[in-house]
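Subject: Structure handover

Hello,

Here is the structure for you to look through. My notes on what turned up follow below.

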Amino acid sequence: MTDGEEKIYDDELPDGILGGEPLTASGKDGEKLVYAGNNLWVPESCVMSEEEKREYAARFSHPVINKKAVALQLLLPPLITGIIVTVFGLIAGRYFVWAGNPLLLFAVSGGLLLAYSLFRLKSIIIFAVQLYQIKAPMSVRERCALVPTCSDYMILAVRKYGALRGLIKGIKRLKRCDGTPGEDWP
C-alpha cells in the first residue's frame with residue numbers, strides 16, 4: 001500500500017464486503033492489490049478468476065471412495081477362501097491323508113487369493129491411485145502441469161488398456177512428467 005492510503009483491518013470492513021466486489025488498493029510499484037482477508041493484500045495477478053477456481057478444483061479434486069464397497073472387496077475374499085479351504089480340509093481330510101496337511105491348505109488358500117487378486121488387479125490399481133489422490137499433500141499433487149494429471153492419467157490408462165498395459169503407460173507418463181505444461185491423454 002502507498003503512504004497516502006489508509007489500512008483497513010478485518011474488523012473495520014462493512015458487512016458483506018467480501019461477498020461483493022473485491023476491495024482494492026495500489027501497491028508500491030502501482031500494481032493493483034486485492035484484499036484477501038486477515039489484513040492480507042495480494043497482487044491482482046495472483047487472484048484466480050472464477051473459471052480458474054473451477055478448473056483448479058476439478059483438476060485437484062479428491063475422489064470419493066465408497067468405504068463399504070472397499071471393505072467388502074478387502075474382507076469378503078479372505079473370508080470366502082477361508083470357508084472353502086476349511087470345508088475342503090474337513091471333507092477331504094476324512095478320505096485322503098494328504099488333504100489334511102496344513103501346508104497344502106495354506107497353499108490352496110494362497111492360490112485362491114492370488115487368483116482373486118489377479119482377477120481384480122484393475123480395481124486394485126485404481127483404488128491405490130485414488131488413495132494417493134486423497135492422502136498426498138497438495139504441494140506434491142500440484143507439481144504436475146500436464147492435463148490430465150499423472151494420477152488421473154494412470155486411472156484413465158488402466159480403465160482403457162487394462163491393468164498391466166495401463167500400469168506400464170502410467171509409469172512411462174510419470175517418468176516424462178517434468179512440470180512442463182501441456183496435454184497428454186492415454
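First, a definition for the surface work: patches are made of residues with over 30% relative accessible area and no salt bridge, with like charges joined within 9 Å and nonpolar side chains (Val, Leu, Ile, Met, Phe, Trp, Tyr) joined within 5 Å. Accessible areas come from the Shrake-Rupley method with a 1.4 Å probe, and for residues only the protein chains shown count as cover.

The model is predicted: local features need pLDDT of at least 70, side-chain atom pairs count only at pLDDT 80 or more, and totals for chains, interfaces and linings use all residues. Residues are numbered from 1 along each chain as its sequence is written, and side-chain values use heavy atoms, with hydrogens and water left out.

**Overall layout**

The protein chain has 7 helices and 5 strands. Helices (H or I, at least four residues) and strands (E, at least two) are DSSP runs, numbered from the N terminus. The order from the N terminus is β-β-β-α-α-α-α-α-β-α-α-β. The chain has 186 residues, and 25% of them count as buried. Buried means under 20% relative accessible area, exposed means over 50%, and partly exposed is in between (1.4 Å probe, protein chains only).

**The nonpolar patch**

A nonpolar patch lies on the surface, formed by L72, L76, L79, I80, I83, I84, V87, F88, L90, I91, V108 and L112. Together these residues have about 1,000 Å² of accessible area. Two or more residues come from each of α2 (67-95) and α3 (102-119). Helix α2 gives the most, with 10 residues.

What does the side chain of T81 reach? The backbone oxygen of P77, at 2.8 Å.

**Salt bridges**

How many salt bridges does a search of the whole structure find? It finds 2. The cut-off is a side-chain nitrogen of Lys or Arg within 4 Å of a carboxyl oxygen of Asp or Glu. One joins D184 and R173, at 3.8 Å from N to O. This pair links distant parts of the chain: R173 is in helix α7 (residues 163-176), D184 is in the segment after β5 (182-183), and they are 11 residues apart. R176 also bridges to D184, with the closest N and O atoms 2.5 Å apart. R173, R176 and D184 are therefore linked in a network of salt bridges. R173 counts as buried, at 0% relative accessibility. R176 is partly exposed, at 41%.

**Other contacts**

S151 is found in helix α6 and is buried, with a relative accessible area of 10%. The S151 side chain makes a polar contact with the side chain of Q133 at 2.9 Å. A polar contact is a pair of N or O atoms within 3.5 Å; within protein, one must be able to donate a hydrogen and the other to accept it, and residues adjacent in sequence count only if both atoms are side-chain atoms.

K169 lies over the face of Y161, at 5.0 Å from the ring centre. That requires NZ of Lys or CZ of Arg within 6 Å of the ring centre and within 35 degrees of the ring normal.

The peptide bond from V147 to P148 is cis, with omega near -10 degrees. P148 sits in the loop between β4 (146-147) and α6 (150-161).

Best wishes
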